[in-house]
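Hi,

Here is the structure I promised to send over. Have a look at it first, and then read on for my notes.

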Amino acid sequence: MNEILTDAFLPGLWAGYALAVPVGALAVLLVSVTARTSFRVGAFAALGVATADGLYALAAVAGGAALSRAVAPVAGPLRVLAAVLLLGMALRTAVRALRNRRTHNGPERDVLQRPARAYLAFLGLTLVNPWAVLYFSALVLAGGAGTPGSGVAGPAAFVTAVTLASVSWQLCLAAGGTVLGRALTGPRGRLVTSLLSAAVISALATGLLLRG
């Protein structure tokens, strides 16, 4: 149980927050929709994003489990490759945040007025982004989704933790739309959260290299 907690659930929380924290166009839309409608609508939109993140994590775990047996002989080089991929993602996140720090591209939409419609819209908008599946696949191939002897418990704990992390952060954004209005989605807020996410992803990559 302790191994599942430390090797699957906690890394899942870490990975989920690293993916969810940066305030991009979708997060700006989530806060904006909540500010214009209600927290209930924003909460359903947040659940749509979290559902997509959980599905991507599940897909990566399912594919990673099958691939792990085939790539066991080259696990070391793959761990290095995964770390390099994560570092590249962190660099891209930081560079884009610094490049766009003087802009504010929050989209405005007026069609998301009902909770069910907001859920489906944000689920679809998140699913069309391939960033999440690449991110989770890199972690799974590097062995970050459970211990080898944990069976389905480790991967299940990883996916659950990713979903919980995403839900909690997206609900915070929805609450931010209600309480803080546009403060979190301003240029400074987007810069800080993106740089924070880049730092967390870099820490994940460093941890993979140190484990190797």
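This is a predicted model: local features need pLDDT of at least 70, side-chain atom pairs count only at pLDDT 80 or more; totals for chains, interfaces and linings use all residues.

The largest nonpolar core has 16 residues, and the members that touch the most others are Ala 18, Leu 86, Tyr 135, Ile 201 and Leu 204. At least two residues of this core come from each of helix 1 (2–20), helix 4 (75–99), helix 6 (131–141) and helix 8 (187–211). Helix 4 supplies the largest share, with 6 residues.

Beyond its neighbours within four places in sequence, Tyr 135 is in contact with Ala 15, Ala 18, Leu 19, Leu 86, Met 89, Ile 201 and Leu 204. There is also a second, separate core of 15 residues, including Leu 29, Leu 30, Val 41 and Ala 45.

Gln 170 sits in helix 7 (residues 153–179). Its relative accessibility is 5%, so Gln 170 counts as buried. Leaving out residues up to four places away in sequence, Gln 170 touches Ala 20, Leu 30, Ala 46 and Val 49.

Finally, helix 5 (residues 115–127) has 13 residues and spans 18 Å from first C-alpha to last, close to the 18 Å expected at 1.5 Å a residue. Its buried residues are Pro 115, Ala 118, Phe 122, Leu 123 and Thr 126. Viewed down the axis of helix 5, these buried residues fall within an arc of 130 degrees, so they line one face. On the face turned away from that buried side are the exposed residues Ala 116 and Leu 120.

Best wishes

Key
Residues are numbered from 1 along each chain as its sequence is written. Side-chain values use heavy atoms; hydrogens and water are left out. A nonpolar core is a set of buried Ala, Val, Leu, Ile, Met, Phe, Trp, Tyr and Cys residues joined through side-chain atoms within 4.5 Å. Buried means under 20% relative accessible area, exposed over 50%, partly exposed in between (1.4 Å probe, protein chains only). Helices (H or I, at least four residues) and strands (E, at least two) are DSSP runs, numbered from the N terminus. Contact means heavy atoms within 4.5 Å. The expected span of a helix is 1.5 Å times one less than its number of residues. The arc is that of the directions from the helix axis to the C-beta atoms.
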